[in-house]
Amino acid sequence: MEMHVKDVDGVVQIALVGRLDSPGVDQVETKFTARLVPAGANGVVDLSGVEFVGSLAIRMFISVGRALARKQKKLVLYAPRPLVNQVFESVSLNTIVPVAADYAAALAAVRG
Amino acid sequence: MAREQTVLETPARFAAATPDQDARSYLVVLERGEPVAHFPIGPEPLTVGRDEGRDVILEDVQVSRLHLKVHLAAGHVMVEDLGSANGTYLDGKRLSGPAVLEEGQFLRVGRHLLKYERRSQREVERDDDLHRDLDKARNYVQALLPAPVTSGRVCTDWVYRPTTQLSGDAFSYGRIDDAHVAAYVVDVAGHGVGAAMHSVSVLNVLRQRALPGTDFRDPAQVLDSLNAMFPMDAHDGMYFTIWYGVYSLADRQLAYASAGHPPAILFAPGQPPARLRTQAPMIGALEFHYATRRVGVDPGAVLYVFSDGVYEITGPDGAAGGLEDFVALLGVAGAGIHGEAERVYRAVCARAKPGPLDDDFSLLVVRFE
C-alpha cells in the first residue's frame, strides 16, 4: 500500500495506491490520520489507484472525516474505481464522507 | 599438566542460549498469517490430510484424505507428498518427490498454509494457551447461532466460516410472536476479538429484544434503536452493517430494512431474483432515520441474507469478484434447502484463489413454505 502526500494551498492532497484491505489499512492508517487530523487540514484523497476497499478502510475514512468535521474541515474522496464505488454506495458512505468524481469536483467540495 | 579454568556465564548469555537448547521442530498451521496450531515433528511421520485419522486434519475439499507427511531424518526435516490430487507446494513449487524442509519455509496444501518453525516449548505452550482461549471465545460465539430449522412454514439453513478464529459477523432468526418471524445478519467492521465482542453485544441485544420502546416487528424501529445504542464514538470507533427482516405469516409479507449492508436476494418461483435493501448508512456512523420496505413472498420463495465476505473474493487470476457473480450462484431447486448454504459456500470457494477466503463468510438461507 502506497501513500503520497502533498500540500497545495492549504489542502492536503493524498493519493492512495494498492489494496485497502486489513493489511493495507494497517500500513497507512496512522500516517493518513496523522497527516490530516492534528493539523485540522482540509483533505482530498485520490482513490484512482485503489483496487479494493474493505470495512476497515471505510472505518478509517469515516473516523478521519468526522474528526475533521469537528474542526469545521472536510475530507473528500475522489475518483474511486467502479468496484470501489459500488462498495461506497452499498454502505451509503456519501452520506458521511463526500465522494467526488474527480479532482476538480473534490476541490470544489472541500472549498464549498 | 592439567590446567584449571573458571568460566563466568553472564545472564545475557544464558538467556540467549536457553531458547535454542530447548528448541524443537514444529509444523505450524497458519490462518491469515497467524499461527493457529503447532504440531511437533519427530522421527515418526506426521501425516496431514482431510481424514479423521491424520495427525494434522485440514477441513478443505482441496486437501486429499492422506495428503503429505513430514518427519525428521538424519537431522533434517523431510516433506513428501503422498500422491495427493492437488499437490503440495513448497515455497510455491510443486513437490515431485521427498524434499528437505528448511526452517521458515512454507507449504501450500489446498487452501491452507503450513510453516516449518523451530520454537521453544515455552513459546509454543504460550501460543497454545492463547489459542485455547480464543477457541473458547469462538465456541461461545457459535453457540449463539441458532440451529437450522428443517420443518414448518419457515425453514432455514446457514454457513458461518470466519477467516480468523473470531469474526465480526453474526446472525440469528426466530419468532417474535405467533405471527412474525425475524431474521438478521450483522457485520462489524474488521476481524478478531474486538469485532467479535461487538457483534456478540449486538446479537445479544437483538436476541433478548433489549431495545427499550422498540417494536421488533418494525425493522426501521429496530435499526433506529440500534443506531442510538451503538454510536461509533462510544464503541472504540466500531460500526456495523445489518440486514433485518420480519416475515408476517398471516399475510405473507416480508418487511425489511438495511443499514450499509448488501441486499438480501429473494428468489420467487418463476421470477428473477429481487434485491432487497434500503439505501442507508451503517449503524453508529451518524444520526439517521431508517425506512422499512415490504415485499410479498410467494410459497416456495427462498431468501439469501449474507455479509459482503461472500462475494468480495479474489479469483485465481487476481480479479475481484462482485455481487452479481455471487447472485449467479444462487437459486435452489427442489423442495428443501438442507445443504444449500454449504453448496453456495463451496461454489464460492471454487471461484476464489487458493487459500482462505479474504473475508468472513456468513450466509443465511430462508425458505418460505
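**Two chains, strand by strand**

Tyr26(B) has Pro40(B) as its bridge partner in S2(B). Strands here are DSSP runs of E with at least two residues, and helices are runs of H or I with at least four, both numbered from the N terminus. Two strands pair if DSSP finds at least two bridges between them. The model is predicted, so local features need pLDDT of at least 70 and side-chain atom pairs count only at pLDDT 80 or more, while totals for chains, interfaces and linings use all residues. Residues are numbered from 1 along each chain as its sequence is written, chains are lettered from A and ligands numbered from 1 in the order in which they are written, and side-chain values use heavy atoms, with hydrogens and water left out.

Start with that strand pair. S2(B) covers residues 34-40, runs antiparallel to S1(B) and is joined to S1(B) by 6 bridges. S1(B) also has a partner in S11(B), residues 112-119. That pairing is antiparallel too, over 7 bridges. Within it, Arg24(B) faces Arg119(B). Buried means under 20% relative accessible area, exposed means over 50%, and partly exposed lies in between (1.4 Å probe, protein chains only).

Helix H2(B) packs against these strands. Its buried residues meet S1, S2 and S11, along with strand S12 (154-161) and helix H3 (192-207) of chain B. Contact means heavy atoms within 4.5 Å. The expected span is 1.5 Å times one less than the number of residues. The buried residues of H2(B) include Val124(B), Asp127(B), His131(B) and Leu134(B). An α-helix has 3.6 residues a turn, so residues three or four places apart point the same way.

Move on to S14(B). All 9 of the 9 residues of this strand, 180-188, are buried, so S14(B) is largely enclosed by the rest of the structure. His180(B), Ala182(B), Tyr184(B), Val186(B) and Val188(B) point one way. Val181(B), Ala183(B), Val185(B) and Asp187(B) point the other way. S14(B) has antiparallel partners in S13(B), residues 169-177, over 8 bridges, and in S15(B), residues 240-248, over 9 bridges. A hairpin through 2 residues links S13(B) to S14(B). Ala183(B) is the bridge partner of Tyr173(B), and Phe240(B) in S15(B) is that of Val188(B).

Which residues have the most contacts inside the largest nonpolar core? They are Leu206(B), Leu226(B), Ile242(B), Tyr244(B) and Leu303(B), in a core of 58 residues. A nonpolar core is a set of buried Ala, Val, Leu, Ile, Met, Phe, Trp, Tyr and Cys residues joined through side-chain atoms within 4.5 Å. Leaving aside neighbours within four places in sequence, Tyr244(B) touches Ala182(B), Ala183(B), Tyr184(B) and Leu206(B), among others. Apart from this core lies another, of 37 residues, including Leu20(A), Val45(A), Met60(A) and Leu93(A).

In chain A, look at helix H2(A). Residues 55-69 make up its 15 residues, and it reaches 21 Å, close to the 21 Å expected at 1.5 Å a residue. Of these 15 residues, 11 are buried, so H2(A) is largely enclosed by the rest of the structure. Among them are Ile58(A), Met60(A), Phe61(A) and Leu68(A). The cover includes strands S2 (11-20), S3 (42-53) and S4 (75-78) and helices H1 (22-36) and H3 (82-90) of chain A.

Now the interface. Chain B brings 25 residues to the contact and chain A 19 residues. The buried area is about 1,700 Å², with 51% from carbon and sulfur atoms. Buried area is the accessible area (1.4 Å probe) that two parts lose on being put together, summed over both. In chain B, Tyr239(B), Met282(B) and Glu312(B) lose the most area to chain A, together 23% of what that side buries. There are 2 salt bridges between the chains. A salt bridge is a side-chain nitrogen of Lys or Arg within 4 Å of a carboxyl oxygen of Asp or Glu. Asp233(B) forms one with Arg70(A), with the closest N and O atoms 3.9 Å apart.

Finally, two backbone details. Most residues other than glycine have a negative phi. Asp9(A), not a glycine, has a positive phi of about 50°. Asp9(A) sits in the loop between S1 (2-8) and S2 of chain A. Ala74(B) also has a positive phi of about 50°. Its loop lies between S5 (68-73) and S6 (76-81) of chain B. Is Ala74(B) buried or exposed? Ala74(B) counts as exposed, at 81% relative accessibility, and Asp9(A) counts as exposed at 67%.
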